[in-house]
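Q: Hi! Could you walk me through the inside of this one?

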Amino acid sequence: MGETQTNLQNNFYVRQFIGRVFEEFAANLLNGYLVSRRRGETYQEDDLFPDLELPEWGAWGEVKATQKGRSFKVHQKQLEKYVAAAALEFPYSKFFYIFISYNVREISKTFYCERKLQKEVLDRIVSVSVVEGSFLLGVIRDFPFLVCTKYVDAGFESFYYLPNPLTPVLLRPDLKSGFHFEERTYHKRKIGVSCYHYRNWKGG
């Protein structure tokens, strides 16, 4: 059988496919699991339905991937609900965003086999950042001018644009941020993971 072809003129399909590729990548990299969705169901942006279960971290995870130099988009209600739910410690007491920056400026062919498209985006990962949800929410509330641009449009949910890369912002001394860096292996390739959290946070 021939390889599955992806219609790159269908922008919605491409976004969905690449999003799934990065969810699977993050689950593998962080020793977690994809949270299954029932076929045919639809979800709103602020629904409590995380992408990943991360037992090693004692946390749920939400994956956000974007091109290098473009902002990361985080929905306000979704962030607030995830942080509130994690505080209940059922079943995990932590929630993380996994921000992935990649550098694929254009995909030149109209039709491209999925395997090659997957390899192309994964080969061009620039950075992986894991950010504790409560820390991110606290930074946004205390330093909104520094961290993000809030976008509100009539009839739509408000969301935040976060800078890419995150490092120059989230490591400011006045944010009381903690940071650690580790290397993990993905298919024999070393991937650096930058972790941002409150200074007194203890890892899972």
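A: Happy to; we start with a tyrosine and move on to the cores.

A: This is a predicted model, in which local features need pLDDT of at least 70, side-chain atom pairs count only at pLDDT 80 or more, and totals for chains, interfaces and linings use all residues. Residues are numbered from 1 along each chain as its sequence is written, and side-chain values use heavy atoms, with hydrogens and water left out.

Q: Where does Tyr 97 lie?
A: Tyr 97 is in strand S6, residues 94–102 (strands are DSSP E runs of at least two residues, helices H or I runs of at least four, numbered from the N terminus).

Q: Is Tyr 97 buried or exposed?
A: Tyr 97 counts as buried because its relative accessibility is 0% (buried is under 20% relative accessible area, exposed over 50%, partly exposed in between, with a 1.4 Å probe and protein chains only).

Q: Which side chain makes a polar contact with Tyr 97?
A: The side chain of Gln 78, at 3.3 Å (a polar contact is a pair of N or O atoms within 3.5 Å; within protein, one must be able to donate a hydrogen and the other to accept it, and residues adjacent in sequence count only if both atoms are side-chain atoms).

Q: How far apart are Tyr 97 and Ser 129?
A: They are 32 residues apart in sequence and 8.0 Å apart in space, C-alpha to C-alpha.

Q: New topic: how many residues has the largest nonpolar core?
A: It has 30 residues, and Phe 22, Phe 25, Ile 98 and Val 128 have the most contacts inside it (a nonpolar core is a set of buried Ala, Val, Leu, Ile, Met, Phe, Trp, Tyr and Cys residues joined through side-chain atoms within 4.5 Å).

Q: Which element gives the largest share of this core?
A: H1, with 9 residues.
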